[in-house]
Amino acid sequence: MPKMFASARAHTNIALIKYWGKKDQKLILPYTDSLSLTLNEFYTTTSVQFDEQLTHDEFSINAEPVSEHNQQKLAHFMDLIRNQRQFNLFAHVNSVNHVPISAGLASSSSAFAALAAAASKAAELNLSATELSRLARRGSGSATRSIFGGLVEWHKGHDDKTSFASPIDEQVDFGLEMIAILIDTSVKKVSSRSGMQNVVATSPYYPAWQEVVKNDMVAMKAAILKKDINLIGQIAEENAMRMHALTLSAQPSFTYFNAASLTAMDMIHDLRSNGINCYYTLDAGPNVKVIYHHQDREVILAALSEQFGHNNLVVSQPGPGIQYLK
Ligand code: 2P0
């Protein structure tokens, strides 16, 4: 009996061109491509040990047992590994999220990317990075992008085989940086999963969104080639606002913004009026992420810390792809 143990680390990614809506709920196939930046500050480390003695998988996150809902989601993911490997062993799965305490940024992207890597290696599946990206996608859409470092593109594809991510620029050596403003760290009211479903089913703007993303992907890739942070920021900000317009135009309408998110966005506009090039993006929660060139870091931090407090601002550089620890 081989040891059947592996440990892997994956970093969270933040989308600059958002994924919002699934064509296939089961396979997690998106309606659109998307593009993200992997961050070095936030990551998940997961270890998997298959064990002949077990009669079900045993999960812990940050040394605590997981909720019933998460237990089911994780066990379902482990079934994919068992099916591929054609064995019926269960595993001890221990996951640790390295994020500022309750940052509300412990995205499922790093969680499922780390689990896909650790579980497939422990099961000796020998997956390529592309195969790993496809597998991570089955846990959570955004996880498909966290297999790679730096700037990453998720090709929507049309089936399990064709929907995966690939790196655009793994080095990102032109000063791109992000500040996460930790505004509210409680659990979100509308999960991404149900928020997406509601939008796809009810927003009259959904067809327009698909066109927006098509154009933004082309424009963003050109901006990355030019290493033009202002253009990258402009396109990302506009794309994020158009994604959030989908939530406002759904039935029932909802939003992930709160009052402090609006204050933060206002402050970024003010900084821009004063000649500091910075831009914002938001995901399925009120926390605002600021995009800028690292040379402007101190002036942006100084302005934001007056309002939000220095401890609620986390600077992050581009981060690496999957790392195997054992
Ligand atoms: C993204 N988000 O592209 C978008 C933008 C949030 C806003 O992907 O249902 O946890 O597991 O596929 O990946 C968050 O949703 O959703 C997300 P599922 P996921 O990053």
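Tutor: Domain bounds here come from an automatic or database domain assignment. This is a predicted model, where local features need pLDDT of at least 70, side-chain atom pairs count only at pLDDT 80 or more, and totals for chains, interfaces and linings use all residues. Residues are numbered from 1 along each chain as its sequence is written.

Student: What are the domains of the protein in that assignment?

Tutor: The assignment gives domain 1 (5–171) and domain 2 (176–316). Their centres, taken over C-alpha atoms, are separated by 23 Å. The contact takes 25 residues from domain 1 and 30 residues from domain 2, with two residues in contact if their C-beta atoms, placed from the backbone, lie within 7 Å.

Student: Which element gives the most to the side of domain 1 that touches domain 2?

Tutor: That is β4, with 6 residues. Strands are DSSP runs of E with at least two residues, helices are runs of H or I with at least four, and both are numbered from the N terminus.

Student: What makes the crossing of α5 and α6 left-handed or right-handed?

Tutor: A crossing is left-handed if the near helix is turned anticlockwise from the far one by less than a right angle, and right-handed if clockwise. α5 passes α6 in a left-handed crossing, whereas α7 passes α8 in a right-handed one.

Student: Which residues of α7 and α8 meet?

Tutor: T263, M267 and L271 in α7 meet I300, A303, L304 and Q307 in α8. By class, this contact has 5 nonpolar, 2 polar and no charged residues. Ala, Val, Leu, Ile, Met, Phe, Trp, Tyr, Cys and Pro count as nonpolar, Asp, Glu, Lys and Arg as charged, and the others, Gly among them, as polar.

Student: And the ligand: which residues come nearest?

Tutor: Of the 14 residues around the ligand, A15, S140, G141, S142 and S192 come nearest; a residue is near a molecule or strand if its C-beta atom, placed from the backbone, lies within 6 Å of it. The shell draws at least three residues from each of domain 1 and domain 2.
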